[in-house]
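Please open the model in your viewer and keep the sequence panel at hand.

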2 protein chains.
Amino acid sequence: MKKLINKPEDVVKEALAGMQAAHPDLLRVDFEQQIIVRKDAPKQGKVGVISGGGSGHEPMHGGFVGMGMLDAACPGAVFTSPVPDQMLAATQAVNGGAGVLHIVKNYTGDVLNFEMAAELAAADGIQVESVVTNDDVAVQDSLYTAGRRGVGVTVLLEKIVGGLAETGAPLDQVATLARNVNSQGRSMGMALTSCIVPAAGKPTFELGEDEMEIGIGIHGEPGRRRVKLAPAAEITEMLAIPVIEDLGLKSGEQVLAFVNGMGGTPLIELYIVFDALHRILHGRQITIARSLVGNYITSLEMAGCSITLLRLNDEFMKYWDAPVHTPALRWGV
Amino acid sequence: MKKLINKPEDVVKEALAGMQAAHPDLLRVDFEQQIIVRKDAPKQGKVGVISGGGSGHEPMHGGFVGMGMLDAACPGAVFTSPVPDQMLAATQAVNGGAGVLHIVKNYTGDVLNFEMAAELAAADGIQVESVVTNDDVAVQDSLYTAGRRGVGVTVLLEKIVGGLAETGAPLDQVATLARNVNSQGRSMGMALTSCIVPAAGKPTFELGEDEMEIGIGIHGEPGRRRVKLAPAAEITEMLAIPVIEDLGLKSGEQVLAFVNGMGGTPLIELYIVFDALHRILHGRQITIARSLVGNYITSLEMAGCSITLLRLNDEFMKYWDAPVHTPALRWGV
């Protein structure tokens, strides 16, 4: 296992220490609770927005903590759900009296633990709303999920909803926007190689030298099919067409096009995929009004990519464009 | 070779098309000249700032084209210097009458070609100044270099000097700042794995399963030594101590600490390295006043990292903090 780590059991703790050392202006890490909290939380009268999930998907979610996006993130062990106590601590830490939104990717462990945390928070007098993202069109159920998995749309949703929450909007409005964003986005991913979980020390799955996995999950769980390697233009079609069709995108519509790297794929390749995606969308008279290209929801060092399309409306665009200041996304400030 | 590409010979061209499709608000690609130019270039009365080098180091340099950083970038084939004609075309495209600064990483091909381009530009009546970055402390000469190689400092220099150029400062002042930044920064890198150049189709070098290369160059050229794998804290010492000592950093000084990924290393590991670096600097009473963590000067999908330290003064900090709007770095706007 070739990794820049010390002991596997210290990976998450040390990475959090690195985040605190690199971004003391944006966030603080509560090492006892293992949560990352926006430096100026709680903001009185502002809806708190939190998310969480297994580590290994960096910069998601800790890299999205800051002004205009998340108020806190709860990192679990690598590819393992955080526990309800972390989620409760994060909820309490960001509660400014206006309630808290939980953004939950649809994985069984995350969903159950966030449900329990919401109940505990309610018992503590904090109003909580939850939104579960489930944008992955690859499979209906999976190894870790009943229903579709929550993947790339989560990144876009956290930015857009964080933008609205920053304006002081009430919890029901913030939660409604979150559900609307989730309903208008779809994703699909693929892998050229496996990843290696530090504690396991060996590849999560095996792929032949001439094979790839289409519809992969972000923990290396199987997708739709294992097929022979193909050129980037064909791979992009295999991902983009199911997304476009499931979303029912039509000529004349506008999208945010998000080409995401799984962690081990160089940026030059992601731009080749973006070029292919642009051709496909252009051919259908669908306009790319906003774009995001890079590693934002990753699977450790997996080589591969995912494509997310979000149908845009004026409200989504307004809050996508709103100022944000986090370790991984920053503009307008 | 597992890559998201079509034909190896189309990699650079298609990636450029992807950049244009993703960032039409920031840049335009001149496909005939193979250059990336800031959308609003040339700016009358502003010093043009350009750079260039082989592709495969993305986001450097094309991802740094935009307000407050580069006016143009010249991408060569993967790991191959661009040609003088590209550099001349970029110089002409950004010349707003106040002259043009060439930022050149110290590799023999780049240096010779930029020298020729500067002569051609001078013959065309354009005033050109050049700065050659040479911050890599690993080796004195290398496979492709007489003298030290230019690596991570180039990223920081392009941001800082771009910030000054944006104010309308004259060419001699811009060039002086560039040389000052180069003189105050040092870097060293390491690799856990090789990269694969698309046209070659096989790893640039071989590393055993329990080996790493310390002092690697950004094209996979050899470094100081090949040693057994070690924990991240030890690796960080192997990189940071030579940098600190060569720079003569002393207690009480402030630095910009830049932990750069080589392309295939996940962000969670880069933060572990940042944590280790923070401990080393803290132990020497050196303050991290600014930081940058991520993939900014890469070697395709190589796993590994580099550490760059830049001794900060008020001027460097002022222009580091100045607004920037490029595909890869953005703040203040």
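Which residues in H4(A) meet which residues in H8(A)? To answer this, select Leu156(A), Lys159(A), Ile160(A), Gly163(A) and Leu164(A) in H4(A), together with Phe316(A), Tyr319(A) and Trp320(A) in H8(A), for these are the residues that meet. Contact here means heavy atoms within 4.5 Å.

Before continuing, please note the conventions. This is a predicted model, in which local features need pLDDT of at least 70 and side-chain atom pairs count only at pLDDT 80 or more, whereas totals for chains, interfaces and linings use all residues. Residues are numbered from 1 along each chain as its sequence is written, chains are lettered from A and ligands numbered from 1 in the order in which they are written, and side-chain values use heavy atoms, with hydrogens and water left out.

**Stop 1**

Axes are lines fitted to C-alpha atoms, for helices over the stretch in contact, and angles run from 0 to 180 degrees between N-to-C directions. Ala, Val, Leu, Ile, Met, Phe, Trp, Tyr, Cys and Pro count as nonpolar, Asp, Glu, Lys and Arg as charged, and the others, Gly among them, as polar.

**Stop 2: H4 and H5 of chain A**

Next, select residues 153–166 (H4) and 171–183 (H5) of chain A, whose axes come within 9 Å and cross at roughly 155°. H4(A) and H5(A) are therefore roughly antiparallel to each other. On the H4(A) side the contact is made by Val153(A), Leu157(A), Ile160(A), Val161(A), Leu164(A) and Ala165(A), and on the H5(A) side by Gln173(A), Val174(A), Leu177(A), Ala178(A), Val181(A) and Asn182(A). These residues of the contact of H4(A) with H5(A) comprise 10 nonpolar, two polar and no charged.

**Stop 3: Chain A as a whole**

Zoom out to chain A, which has eight helices and 14 strands. Helices (H or I, at least four residues) and strands (E, at least two) are DSSP runs, numbered from the N terminus. The C-alpha trace of chain A spans about 55 × 50 × 35 Å along its principal axes. Of its 333 residues, 65% count as buried, that is, under 20% relative accessible area, with exposed meaning over 50% and partly exposed in between (1.4 Å probe, protein chains only).

**Stop 4: Backbone features**

Most residues other than glycine have a negative phi, and most peptide bonds are trans. Select Gln34(A), which has a positive phi of about 55° although it is not a glycine. Gln34(A) lies in the loop between strand E1 (27–30) and E2 of chain A and is partly exposed, with a relative accessible area of 24%. Then move to Pro42(A), in the loop between strand E2 (35–38) and strand E3 (48–55) of chain A; the peptide bond from Ala41(A) to Pro42(A) is cis, with omega near -5°.

In chain B, select Met60(B) and His61(B), which are joined by a cis peptide bond with omega about -5°. His61(B) is in the loop between E3 and strand E4 (72–78) of chain B.

**Stop 5: Buried residues of chain B**

Is Leu16(B) buried or exposed? Leu16(B), in helix H1 (residues 11–22) of chain B, is buried, with a relative accessible area of 5%. Beyond residues up to four places away in sequence, Leu16(B) touches Val29(B), Phe31(B), Gln34(B), Ile36(B) and Pro75(B).

Finally, select Val161(B) in helix H4 (residues 153–166) of chain B. Val161(B) is buried, with a relative accessible area of 0%. Leaving aside neighbours within four places in sequence, Val161(B) is in contact with Leu101(B), Val174(B), Leu177(B) and Ala178(B). The C-alpha atoms of Val161(B) and Val174(B), 13 residues apart along the chain, are separated by 6.3 Å.

Key. Parallel < 35°, antiparallel > 145°, perpendicular 65-115°, else oblique.
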